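Please look over the model shown below before reading on. The briefing that follows takes up a helix, a sheet and a nonpolar core in turn.

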Amino acid sequence: MIAFEEILRMRQKELKHYLSGYLKKAGYSVINKKGFLYAKGEVPVLLVAHLDTVHRTQPETICYSADGTVMMSPQGIGGDDRAGVYMILRLIQSCHCHVLFCEDEETGGHGARAFTKSGIKPDVNYIVELDRTGSNDAVFYQCRNRQFERHINSFGFQTAFGSFSDISILAPHLNLAAVNLSTGYYHAHQPGEYVRLDEVEDLVGRIAKLLQTKTEQFSYTQR
């Protein structure tokens, strides 16, 4: 599997091309359209991350803390949302979920909007986006399915609040409950952004357990 550093260093188009090939080698049938990359899985959960970052250049220099648990870059590390991309690649090694990688989330969710116009309707029970700061956050935006919220938080997450992400567009369109979970990055959109690799590992483990839990379909309910 590709190293996290390589994912961080790729430009959006380069990363999209790489992921298309990676998913095909992993046994997925891939739909590559302007704005998004979708792959149909077997586990009835849609995993979502976005491919762009706010930084003007990709990180040339990547620095680590003395204990190796923290990574950052003078050019901006791009953990938002390359940490989410990396975590999805880790998760699908054991959980063959449906996958959606969106372009241009940072400038208004353009990739997610393109997906809603594509006619694709994944047969899944709910959506998990991996695009949130911290280590324990679960953001549901306008989705008001209390049963779904309790289910997600039973895996060690806590309800938090956010203004926008791709699932703000996807969830009401697909009429599915959705959550945005932490991916271990901090100080998003700032030069001092960093990623806690120990938290990334913990989150991958917890989310894998979540994905392996069989549930019924959770519908989207407007707040």
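Which residue just after α2 takes a positive phi? In this predicted model, the residue is G27, whose phi is about 95°.

**Helix α2**
- Helix α2 comprises 14 residues, 12-25, and reaches 20 Å from its first C-alpha to its last, which is close to the 20 Å expected at 1.5 Å a residue.
- The buried residues of α2 are Q12, L15, K16, L19, S20, Y22 and L23, and the elements that cover them include α1 (4-9), β1 (29-33), β2 (36-40), α3 (79-91) and β6 (97-102).
- As a general point, an α-helix has 3.6 residues a turn, so residues three or four places apart point the same way.

**The four-stranded sheet**
- Four strands form an open sheet with antiparallel pairing, in the order β4-β5-β12-β11, and its edge strands, β4 (63-64) and β11 (185-186), each pair on one side only.
- Strands β4 and β5 (residues 70-72) run antiparallel and are joined by two bridges, and the bridge partner of C63 in β5 is M72.
- Helix α7 (residues 197-211) lies across β4, β5, β11 and β12 (194-196), and runs at about 50° to β12.

**The largest nonpolar core**
- The largest nonpolar core has 78 residues, of which F101 and L181 touch the most other members.
- Leaving aside neighbours within four places in sequence, F101 is in contact with L19, L23, G35, F36, L37, A49, L51, V85, I88 and L89; among these contacts, L19 and L23 are buried residues of α2.

Technical notes
Residues are numbered from 1 along each chain as its sequence is written. This is a predicted model: local features need pLDDT of at least 70, side-chain atom pairs count only at pLDDT 80 or more; totals for chains, interfaces and linings use all residues. Side-chain values use heavy atoms; hydrogens and water are left out. Two strands pair if DSSP finds at least two bridges between them. Contact means heavy atoms within 4.5 Å. Axes are lines fitted to C-alpha atoms, for helices over the stretch in contact, and angles run from 0 to 180 degrees between N-to-C directions. The expected span of a helix is 1.5 Å times one less than its number of residues. Buried means under 20% relative accessible area, exposed over 50%, partly exposed in between (1.4 Å probe, protein chains only). A nonpolar core is a set of buried Ala, Val, Leu, Ile, Met, Phe, Trp, Tyr and Cys residues joined through side-chain atoms within 4.5 Å.
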